[in-house]
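This report covers selected local features of one protein model. Please view the sequence and structure first.

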Amino acid sequence: MNRSPYFRIGVLALLAGALPVQATVTFVGNDLTTDARWRTPTVAKTYDIDEDNIYGSAGYFLAAGLRAGYVDPLLADGNVITGHADAVSTLPAYIVDLAFTNPDERGRSWGGSGGNFGTLDVVSGSTGMTGAAILNRTAGPEPLMLTLRRADSPAFRLTLILGNNPNEGHFNDPSGQMVTVDDGTGPVTQMSGDFNLMPIAGYTTYQSWDISAGSSDITLVLLGLPEGDGFARLSGIAIDVSGMVPPSILSQPVGGTYLRDIPLTLSVSAGGTKPSFQWFKDGVAIDGATAASLAIAKLATTDAGSYHVVVSNSAGTVTSAAAEVVVASELPTRLANYQAAVKGEPSLISLYSFDALDGRDAKGTNPGTLEGTTPFGEGVGGGPAKALVLGGGGHVNLGMVEAFNFSTTGSGTIEAWLRADWSGSPGYNPTIFADRDGGQTDWSIHLMAPKNQIAHWNGSAVAFVNIPDASTQWHHFATTFAPSEDGMSTEWSVYWDGQWVGGTQQMFGYLPDLPTQLGSASPAGQERWVGALDEVAFYGTALSASAIEAHYAAFVAGEPPNITVSPQGGSFFPGAELTMSVIAQGVEMSYQWFKNGVAIAGATAATYTVASLATTDAGTYFVRVSNSAGSVDSASAVVSVRATDLAKYQAAVRQEGSLVSYYTFDSGDATDTKSVNHGYPVDEIGFGKGVGGKTDQALVLTGAGHVGLGWVDAFDFANQTGTFEAWIRPDWDTPPPYNPTIAADRDGGPTSWSLHMMQSKAQIAHWNGSAVAFANIPNAGKGWHHFVSTFDGSTWSVYWDGELANSTTQDFGMAPESPTQLGSASDYGQERWVGALDEVAFYSAALSADVVRAHFQALVGVPTEPPVLSLTRAGNQITLSWPAEATGFLLESTDALPGTTWNVVEGVVNNSVTVSTSAATRFYRLRHP
């Protein structure tokens with residue numbers, strides 16, 4: 001028999017050392033290295049897609065007892081052997097025939113008395129053996145050939161099972177074998193080494209190919225090596241009918257700017273059936289780069305370029321996004337200066353810069369071990385500077401380092417740059433770093449979930465230091481430990497952006513033999529950090545305030561200020577105190593406040609205060625922060641001042657027939673001006689200027705006291721209906737470590753209803769003892785706001801400044817007979833209010849939206865017509881303006897209507913601004929906050 005031309009080409013190419021011709025058929029592997037027995041279920045089959053230890057979900061096999069040759073048609077009734085009881089595996093319908101080029105090459109079955117011989121599937125408890133041949137010849141120079149005829153088929157995996165049968169005549173163990181698979185688009189040839197199929201019944205091996213979807217016939221050609229020196233028999237054909245899933249990119253490779261000489265690994269995550277990979281640099285395939293990751297042991301400048309990876313299998317191909325890699329020779333100047341300042345400290349023990357994308361110690365000999373998911377991202381210095389970026393799923397374990405305990409001398413410092421990336425609460429207080437093993441603690445430093453406090457836990461007590469809002473920006477942080485003057489305790493101090501912000505006495509836990517972690521409270525992972533950590537340094541002494549400030553200055557020197565917290569405006573009433581502040585990073589900074597674009601004389605501090613607001617104080621404010629390197633303007637803060645008619649408001653409240661009790665506080669006490677449910681002070685309370693802004697008064701609370709109303713049945717709203725109404729003012733700048741209580745019918749745990757403002761000042765919450773419901777509100781700032789909460793069966797509604805904010809389902813709690821408090825969640829004091837409460841009223845009915853709006857308008861008046869926004873054009877510029885007497889309005893713009901995002905238009909001066917036109921459409925509006 002003559003060889004076919006395409007097979008001869010395949011042989012010559014392979015023997016010449018060239019790569020096999022690649023067509024739509026792809027070779028995917030074999031198990032020659034396992035020396036596996038087909039009947040050994042414990043041997044894992046590497047290319048078993050279904051992971052059931054079976055080569056394919058259907059296979060060609062020979063049942064027991066059929067010594068005669070095959071009977072045509074071979075595939076009658078969808079079974080390999082017609083009607084046989086052992087025909088447990090079938091080929092899919094799209095394989096319609098097996099065609100032997102030379103019928104004399106068909107193998108012969110063998111069997112034994114009662115044996116379940118010939119079954120290809122690995123079935124627990126089976127005693128059958130493989131080896132019965134589909135194609136079989138002991139020796140000869142010509143190849144063996146078999147054609148699988150198919151109808152339209154999906155992509156599938158074809159496995160050819162090669163085995164021996166020592167019970168059937170002489171068999172020469174070949175020294176090698178070459179198998180070619182061709183679907184008509186070109187041959188794919190695989191040469192195997194010595195099969196080492198010893199004359200023991202049941203030994204087999206296999207080779208697998210992925211076949212693309214189509215209808216062309218598939219030709220199989222086998223040749224022994226050296227040519228004609230025997231064949232391992234083609235004992236089975238297995239087809240995975242689960243189908244081939246095309247490849248997909250699950251996560252793209254990420255490039256960036258990196259330091260020269262560091263190790264870099266680019267990775268891709270791919271879906272699909274058994275994907276293969278080929279990496280490219282600048283469009284050229286990288287020799288040998290055929291894994292999901294591309295590792296570069298030591299970056300050189302020649303490694304800079306554009307990288308992508310092609311992921312493929314027989315069902316398709318997909319190309320990743322390009323990852324641009326830039327190689328830098330040195331760190332940015334400001335970070336180099338910072339690291340030099342840190343390394344210049346004599347007491348420096350260890351420094352973890354993360355610039356080399358690992359946990360190495362750049363100073364000492366205490367490298368960290370990366371635990372869990374620990375990616376790296378852009379560091380505080382930018383460019384090639386890198387940081388540890390944690391999403392709550394990983395940390396760095398530094399192990400047992402005695403010097404990090406600080407317990408021997410009682411002194412030490414930990415310094416870092418950090419970024420808190422969470423928006424909502426992660427459900428715990430993330431750990432910055434800790435010398436701790438879960439419960440056992442020496443010291444453990446945390447940023448509280450509201451991002452307003454640093455906490456130190458020593459295993460038995462916690463201490464707090466307030467900080468400015470950390471937001472999601474980088475901040476310089478240092479914490480020091482030093483013996484107290486009397487030597488009986490430890491002085492714990494906190495520095496934020498180079499400045500001391502507070503401290504207290506807080507002992508160590510004195511469990512010195514504990515591991516240290518960055519971003520976790522235990523080696524196993526606990527209260528993990530959500531954000532970035534960079535330039536973490538440990539010192540053996542408590543650094544001085546001047547040293548910490550010098551470190552910070554080394555980084556920010558020569559840089560313009562960076563505003564981290566802009567001033568907040570709001571709606572105020574005449575006579576109220578206004579205090580706005582800005583927080584910025586930088587050195588030698590100066591400040592200048594502006595109102596309506598005009599500099600305010602003498603307003604040159606980080607804080608601007610108006611002791612008693614008048615209507616003329618309404619306007620748009622911002623502050624310019626400057627140093628020798630430049631200046632930056634804060635976001636605008638709109639301040640509105642509303643005239644009030646308190647008498648009209650009080651009359652509107654008193655005329656409501658369902659009014660139960662009314663606390664105006666105008667007499668400097670908590671007298672009930674409607675009924676006899678008088679309140680009483682609990683701990684420290686005060687009174688100050690009320691919402692009317694004249695001689696009236698309000699209850700002023702600082703978080704240290706509240707007003708108790710006692711056990712009043714009417715306040716329980718036992719019939720599930722009622723209203724709470726008040727004017728409220730949240731006074732906190734730094735959020736307290738809880739959500740302050742406005743009013744509650746509650747005794748700590750047992751709860752009927754409990755109304756809170758969230759720390760962010762952007763939500764109202766109702767806690768019923770087992771669940772919480774929320775109503776979103778505009779940020780309350782530090783001004784007065786009209787607040788109404790109605791209960792109507794299971795419907796809870798919130799009104800904010802006269803308008804419905806939210807209405808949702810929220811039942812009362814299971815403790816209706818509870819005491820009622822203003823500004824506290826319990827009679828003994830819990831989650832207390834920080835700010836002012838005024839004109840507090842209780843009603844036995846749920847007020848309607850119209851009534852609530854009427855009450856609000858009774859105090860502030862009915863809104864007048866909004867001002868007209870005028871537009872004039874000159875060339876490619878337009879000027880937008882509105883009347884000067886219309887104060888407190890904010891000009892905003894959006895790209896499309898309805899506008900989902902409106903942005904404040906900067907640069908407004910005296911109610912006018914000029915902007916450049918563009919080809920895009922833009923919409924403008926005036927809004928009064």
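## Helix pair α4 and α5

Helices α4 and α5 cross with right-handed geometry. A crossing is right-handed if the near helix is turned clockwise from the far one by less than a right angle, and left-handed if anticlockwise. The axes of α4 (residues 646-654) and α5 (residues 849-860) come within 6 Å and cross at roughly 160 degrees. That makes α4 roughly antiparallel to α5 (angles over 145 degrees count as roughly antiparallel). Axes are lines fitted to C-alpha atoms, for helices over the stretch in contact, with angles from 0 to 180 degrees between N-to-C directions.

From α4, the contact uses L646, K648, Y649, A652 and V653. From α5, H855, A858 and L859 take part. Contact means heavy atoms within 4.5 Å. Helices (H or I, at least four residues) and strands (E, at least two) are DSSP runs, numbered from the N terminus.

## Basis of the model

This is a predicted model: local features need pLDDT of at least 70, side-chain atom pairs count only at pLDDT 80 or more, and totals for chains, interfaces and linings use all residues. Residues are numbered from 1 along each chain as its sequence is written, and side-chain values use heavy atoms, leaving out hydrogens and water.

Helix α2 spans residues 333-343. Its buried residues are L335, Y338, Q339 and V342 (buried: under 20% relative accessible area; exposed: over 50%; partly exposed in between; 1.4 Å probe, protein chains only). They cover an arc of only 95 degrees around the axis, so they lie on the same side of α2. The arc is that of the directions from the helix axis to the C-beta atoms.

The cover over these buried residues includes β21 (348-352), β26 (412-420), β31 (475-483), β35 (530-539) and α3 (545-556). Exposed T333 and A340 sit on the face turned away from the buried side.

## T564 in β36

T564 lies in strand β36 (residues 562-565). T564 counts as buried because its relative accessibility is 10%. Leaving aside residues up to four places away in sequence, T564 touches S471, Q473, H475, I583, A584 and Q585.

## A three-stranded sheet

An open sheet of three strands runs in the order β61-β62-β65, with antiparallel pairing. β61 (870-874) and β65 (912-916) are the edge strands; each pairs on one side only. The twist averages 20 degrees from one strand to the next.

Five bridges join β61 to antiparallel β62 (residues 877-881). Pairing requires at least two DSSP bridges between two strands. S870 stands opposite S881 in β62.

Terms used
Angles under 35 degrees count as roughly parallel, over 145 as roughly antiparallel, 65 to 115 as roughly perpendicular and the rest as oblique.
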